[in-house]
Amino acid sequence: MNIELYIKNRLCDIDSPESLGIRLKRQFINPAELSVKDAQMSYEISLPATPNNNEIFSHVNVEEVKGKFRIYEDARLYVDGILILNGKFRLSEITPDSYKGNLGVPAPLTVKDIFGETMMNQAGKWEIGFEGAPTITAFNKDEYDKKKYGEIAPCIFPFALYGLLNKTSSQGASTDKDVFDSSVRFRFEDIPPSVNCLRMLEQIFENAKYKLTGSAFDDERLKQLYVSYMNPNDFAMKWNTGKMELSGKWTNYDDKKRQVENRAYRDDTEEGKLQTINLFNAINTKVTPSSTYNIGGNITTNDNNVTTFTIPNKGLYKIILRAKVSLSKGSETVYYINGNSGPFVMEPDSPDKNNHFHSSRFELKLMRNFDGSLENIRFDNVFFNDNQRENAEEVGTAYPKPGETHFIDPKQNPDILCGFAWGKKPGLGSYINPTEERGQYIYNNPMAIKGGKSWDGEIEDRAYSASVNSGYLERTAGNGWKETNRFKVEIDNAPPSRTDIDANIKDADGEIAQVVWMEAGEKLSLIEISDMGLRIDMKYGDTQYGWLRHTVDFYLSVEPFMQEADWLTMRDDGASEKPMNWDDDSTFEQGNINLVEFMPQQVKINDWIDNFCKAFNLNMIHTGGVNFELNVKNKELVSGLSHIIDLDRRAGISRRRNESLKLPYVYELGFTIDTSEQGYYESMKDNEKKEKIVNSGDDGGGKFYTGSYETNKLSHTSDFSYNWLKTIKIEESGKELKIPVITEHEIWEKMPDYDEMKEKKYYEMPQRFWYKTETFDSIMNNGDNVTLACVGNEYTDNRKTRIVLNYKDEPDTITKNYFLLLADNNNDYTIIDCCLTSEEYRNLGKSLVKLNGDLYNIAEIDGYDPLGKNKCALKLIRKII
């Protein structure tokens, strides 16, 4: 008999086949592993220290050589030309005369070795072009570009309930919560993408410079599988980094509706009586998002006329804000807010008093992170404290040139981005720019947050912002002024920043361009503050204050520009180090969404893969180099008769031994279950009093009792959830849809405040799997038609059910498709001693054994001697036909 051992593709020297001492062990069936496998290793073998072997092992038997003990790749063992082991050789002992070690297949490189602590949403880029509702429809209807994205869609946008239906009218909110009526409008955050599991894994490995293949990619049940969205509820979905644009109009008295703005705040201060309003939360505002530049759905207006403008990603943004404020030209009329009771809107002109921009101040400013507290808003265009520490008359103080941008210090207002100031109030000199000469006052200028540190050293936070300014003027001795580079900000090709008040002092306008760093999820607000007007009641002679009637037309554009702040050349003192260029190419990928950024933020890649493999009993292996395979484990015991090892004449049944299979008394397979979820609650059984019975809900799991007398149970649970479906009634058609419900039960209770409860989202709920089943046509909240994907728990092919996504003891479940459960406690191991040929050893994984006229499956072989001089122990399980 000829034995050959190759290590590092070189034939090793051996003293003799007997001296090599090779004995092999191989395991195929282990009841605890829920599948069939093929794992093998050798006992210790010994090789002589010949010149050839010394060279193969790089002369590690010399004392001075470091790193002696390691694993040698490409170890292959042949017996009479038949390959019986293809693995590696682990060197364990070195003597002057020999090398000792083990042949086998050690634990390969794992996904944890590759990805470490990397989270799912840090896995690089996986972009798809995104144009809003048309893109959603294309992927859901399977009408996307398959040459670009492949035959199986990388994602779908499913109709799944992460909260209540978004009903947009009081009529809709009064219908039952499970009724889909004509008032329902989908927002992008209602339909986050559901990614294809295998396409996602393929992309993750590709981004890490590895290649993933394997039998899982030939399995339609896995190829068609999608997984739900999961992230913290406050995580900002990164829908699109394209330009965002809106226009709008607001008035404090709507003629057509005869409606006075009632969401304003009146404040009596030392400076006078003030009126403040957030134009993005006002009953008389009409906001129109651009149909071209809002494809990410970052600008929304709800049924309460509250506009939300959300920044999708962190980075530098280019802002352009334009506005026009027009005071009414009427006279005398007074518009009360509530009948004849207090604050009212009045015409600027009356027989006794003429109100205009030279008697009242107006500021319109774009702010971020506004908390809704209008009482905290104040005028920011002050030229002394808190915008700078110097007194007005001191030599060396500096102020913007008349009409140029005034930089607002963080001590004054850390949340302002940019805006405009028009007008004056007699007696308030702090609001007048000292550089404006007497007789030539213009009383207006743009504003922007200072792009450097605050003059107050105790304020650590600074804004990263730039808006053009030719440099402040500095006061000299004798009340003169000189040009300086203080606060000089140069941005080539930037649109102009300016303001103006018409000669009639009843109309004012302005525009400003700014580049500013913003964080993902920040919300923008457009705030107006103004002085109230004054009139004399001619009948009673009383002085009355009122909100001057006026309108505001505005335009806002926010465009992603740079992903890193180092484009800015702003110094800590608020001036630019060198010119910047408004026309530089953006580093944002506009017009796309990155599906990686919709993956779980708080789940490690290797943990997700481990749980996915656990859920479907898959095997992830490293096959060498950059190659990994994701394989479906063999769940079938050998049943074919093509390879039968007949031991009737080589091993007597009288010398057999029997051992218990030691089966657990029960196999438990299932999901992670949150019993507070609506789906679980609905599935709970009722007692005689119609009360829910605790722990009686459908958890999608399965229990398989073996009848074993052992006391242990084998539990197999992944981190994924069961996918419960809720019946939704479609009012228009009368049809019923079963929709995934991913919420807690509480919001489905009968509560009066539907608007409040519909804003609750449950994106943090565990992920669950589903298959696309059909489509459903609906409408987005911006009026666009959209087709959504309906999803469910069954995958059918040619009207035949292939799999049902649960672990129950029923046909076509995950258990029946992917797991091997040895549940026959009447069976046992039969152990016999015998000799096998090398050909028989090689084919053990696909062979049956015939013994005493019965057929047996092979569970394990121990001590196999390729020379055939020593018997091995063969562990068998009787085949049940």
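This is a selection-by-selection tour of a predicted model.

**Stop 1: helix 9**

Select residues 605-616, which make up helix 9. At 1.5 Å a residue, its twelve residues should span 16 Å, and the end C-alpha atoms lie 17 Å apart, which agrees. Now colour the helix by accessibility. How many of the twelve residues are buried? Nine are, and helix 9 is mostly covered. The buried residues are Ile605, Asn606, Trp608, Ile609, Asn611, Phe612, Cys613, Ala615 and Phe616. Step on to Asn617, which follows helix 9 and has a positive phi, near 55°.

**Stop 2: salt bridges**

The structure has 54 salt bridges.

Begin with Lys869 and Glu18, whose closest N and O atoms are 2.6 Å apart in a salt bridge. Lys869 is in the loop between strand 59 (854-864) and strand 60 (872-878), while Glu18 belongs to helix 1 (residues 17-20), so the pair ties together parts that are 851 residues apart in sequence. Lys869 counts as exposed, at 57% relative accessibility. Glu18, at 43%, counts as partly exposed.

Next, select Arg266 and Asp268. Their salt bridge has its closest N and O atoms 3.6 Å apart. Arg266 is partly exposed, with a relative accessible area of 30%, and Asp268 is partly exposed with 48%.

Then select Arg187, Glu189, Asp190, Glu759 and Lys761 together. Salt bridges with shared partners join these residues into one network.

**Stop 3: Asp190**

Asp190 sits in the loop between strand 10 (179-180) and strand 11 (194-196). Is Asp190 buried or exposed? With a relative accessible area of 8%, Asp190 is buried, since buried means under 20%.

Show the polar contacts of the side chain. One runs from the side chain of Asp190 to the backbone nitrogen of Arg187, at 2.9 Å. Another joins the side chains of Asp190 and Lys761, at 2.9 Å.

Now show the surroundings. Neighbours within four places in sequence aside, Asp190 is in contact with Ala160, Tyr162, Asn166, Arg185, Lys761 and Tyr763. For one of these, Asn166, a C-alpha to C-alpha distance can be drawn: Asp190 and Asn166 are 8.2 Å apart in space and 24 residues apart in sequence.

**Stop 4: aromatic pairs**

Searching the whole structure gives 49 aromatic pairs. Select Phe130 and Phe157: the ring centres are 6.2 Å apart and the planes stand at 45°, so the pair is tilted. The pair links distant parts of the chain, 27 residues apart. Phe130 is in the loop between strand 8 (127-129) and helix 4 (133-140), and Phe157 in the loop between strand 9 (155-156) and helix 6 (170-174). Both residues are buried.

Two of its members, Tyr162 and Tyr763, were among the contacts of Asp190 at the previous stop.

**Stop 5: charges over rings**

Select Lys243 and Tyr293. Lys243 lies over the face of Tyr293, 4.7 Å from the ring centre. Then move to Arg361 and Phe379, where Arg361 lies over the ring face of Phe379 at 3.8 Å from the centre.

**Stop 6: Ser359**

Finish at Ser359, in the loop between strand 26 (353-354) and strand 27 (362-368). Ser359 counts as buried, at 18% relative accessibility; the cut-off for buried is under 20%.

What lies 2.9 Å from a polar atom of the Ser359 side chain? It is the backbone nitrogen of His356. Which residues does Ser359 touch, not counting those up to four places away in sequence? They are Asn354, Lys424, Lys425 and Pro426.

Key:
Residues numbered from 1 in each chain as written. Predicted model: local features only at pLDDT ≥ 70, side-chain atom pairs only at ≥ 80, totals over all residues. Heavy atoms only, no water. Helix = DSSP H or I, 4+ residues; strand = E, 2+ residues; numbered from the N terminus. Expected span 1.5 Å × (residues − 1). Buried < 20%, exposed > 50% of the residue type's maximum accessible area, 1.4 Å probe, protein only. Salt bridge = Lys/Arg side-chain N within 4 Å of Asp/Glu carboxyl O. Phe/Tyr/Trp six-rings, centres within 6.5 Å; stacked < 30°, edge-to-face > 60°. Lys NZ or Arg CZ within 6 Å of the ring centre and 35° of its normal. Contact = heavy atoms within 4.5 Å. Polar contact = N/O pair within 3.5 Å; in protein donor to acceptor, adjacent residues only side chain to side chain.
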